[in-house]
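Please consider the structure shown below.

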Amino acid sequence: MSIRRILTFPEPFLRGTARPVENITGETAKWIEDMAQTMYAAPGIGLAAPQVGLDQRIIVLDVAPDDEEQGQEKGKHLIHVVNPVLVEADGETTFEEGCLSVIDFRAEVERAARVLVKGWDLDQNEIEIEADGLLAVALQHEIDHLDGTLFLDHLSRLKRQLYTQRRKKLVR
Ligand code: ZN
């Protein structure tokens, strides 16, 4: 297992559309382990493969990353989904979001309040995840990454430009 470098905005790779995983193999398992380790180390509650430079449709999430502090096994709530697809989305909710690829910036984003996501797990089982609250938001955020969308894209143009300009100055 190893911690991967997280690509950050405005890295062009983050804007690509990731390829579907065609075969779930030992390599897929290794990537998921690395992604989980990278997510916990950051720390974050979700990570999509393109964020670590991998052109594959894989996401990992853990919206209860403090399990260890609460005397539970770390990673108990780790979720991974290969080729996730958002099949249902209802209602509306607003959360303040951040992103491991968008440094030093958080903003309120409006998303569906309840989602149903279908995909595959490492054992090649088809899985369904129905979620609301933070997990629903995190699933939408991570699936967005697979199509090159960042939470910044859900903001007003003005807010997005303010961040983009600030970031450009920092990069320069
Ligand atoms: Zn993100």
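The paragraphs below treat the metal site and then the aromatic contacts.

This is a predicted model, in which local features need pLDDT of at least 70 and side-chain atom pairs count only at pLDDT 80 or more, while totals for chains, interfaces and linings use all residues. Residues are numbered from 1 along each chain as its sequence is written, and side-chain values use heavy atoms, with hydrogens and water left out.

The zinc ion is coordinated at 2.1 to 2.2 Å by SG of Cys99 and by NE2 of both His141 and His145. Donors are N, O and S atoms within 2.8 Å of the metal (3.2 Å for Na, K and Ca); water is not among the atoms, so sites may look incomplete. Along the chain, the zinc donors follow the spacing C-x41-H-x3-H. Cys99 belongs to strand 4 (residues 93-99) and His145 to helix 2 (residues 133-146), so this pair ties together parts that are 46 residues apart in sequence. Helices (H or I, at least four residues) and strands (E, at least two) are DSSP runs, numbered from the N terminus. Cys99 counts as buried because its relative accessibility is 13%; His145, with a relative accessible area of 1%, is buried as well. Buried means under 20% relative accessible area, exposed over 50%, and partly exposed in between (1.4 Å probe, protein chains only).

Three aromatic pairs are found in the whole structure. One of them, Phe9 with Tyr163, is tilted, at 5.8 Å centre to centre and 40 degrees between the planes. Rings of Phe, Tyr and Trp (its six-membered ring) pair if their centres lie within 6.5 Å; planes under 30 degrees apart count as stacked, over 60 as edge-to-face and the rest as tilted. Phe9 and Tyr163 are both buried, and together with Phe105 and Phe151 they form one aromatic cluster.
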